[in-house]
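Let's take a walk through this structure together. Have a look at it first, and then we'll go through the strands and a stretch of the surface.

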Amino acid sequence: MAEEIRAEMVANVWKVVVASGDTVEDGDTLVILESMKMEIPVVAEADGVVTVKVAEGDVVQEGDLVAVIA
């Protein structure tokens, strides 16, 4: 079953740490968001292969899909 990782707030995608197709483990940082000069890491919530749905410079809204882990 695929695990969807969603943004918890409105933010800019500051850095994408992993690439689609990479194998990740629970707790690995996938993306770093920036909001109000704060860096917010978005971490994997399961082990698996990640598909990143955002790019550096994108603006995400609360609830937007950031990545999927299958």
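**Strands and a charged patch**

Let's start with a pair of strands: S3 and strand S6, which covers residues 48-52, run antiparallel to each other and are joined over two bridges. Keep in mind that this is a predicted model. You can pick out both contacts between these two: Thr23 sits opposite Val49 of S6, and Val24 has Gly48 in S6 as its bridge partner.

Now move on from S6 to strand S8, residues 65-69. These two strands also pair in the antiparallel sense, this time over three bridges. One of the pairings to look for is Val50 with Ile69, its bridge partner in S8.

Step back, and you'll see the sheet these pairs belong to. Four strands make up an open sheet, in the order S1-S8-S6-S3, with antiparallel pairing. Strand S1 (3-6) and strand S3 (23-24) are the edge strands, each of them pairing on one side only. As for side chains, those in a regular strand alternate between the two faces of the sheet.

Next, the surface. Which residues form the negative surface patch? They are Glu8, Glu25, Asp26, Asp28, Glu45, Asp47 and Glu62.

Is Glu62 buried or exposed? Its relative accessible area is 61%, and a residue counts as exposed when that value is over 50%, so Glu62 is exposed.

Methods: Residues numbered from 1 in each chain as written. Predicted model: local features only at pLDDT ≥ 70, side-chain atom pairs only at ≥ 80, totals over all residues. Heavy atoms only, no water. Pairing = 2+ DSSP bridges. Patch = residues over 30% accessible without salt bridge, like charges linked within 9 Å, V, L, I, M, F, W, Y side chains within 5 Å. Areas by Shrake-Rupley, 256 points an atom, 1.4 Å probe, with all protein chains shown as cover. Salt bridge = Lys/Arg side-chain N within 4 Å of Asp/Glu carboxyl O. Lys, Arg positive; Asp, Glu negative; His and termini not counted. Charge placed at Lys NZ, Arg CZ, Asp CG, Glu CD. Buried < 20%, exposed > 50% of the residue type's maximum accessible area, 1.4 Å probe, protein only.
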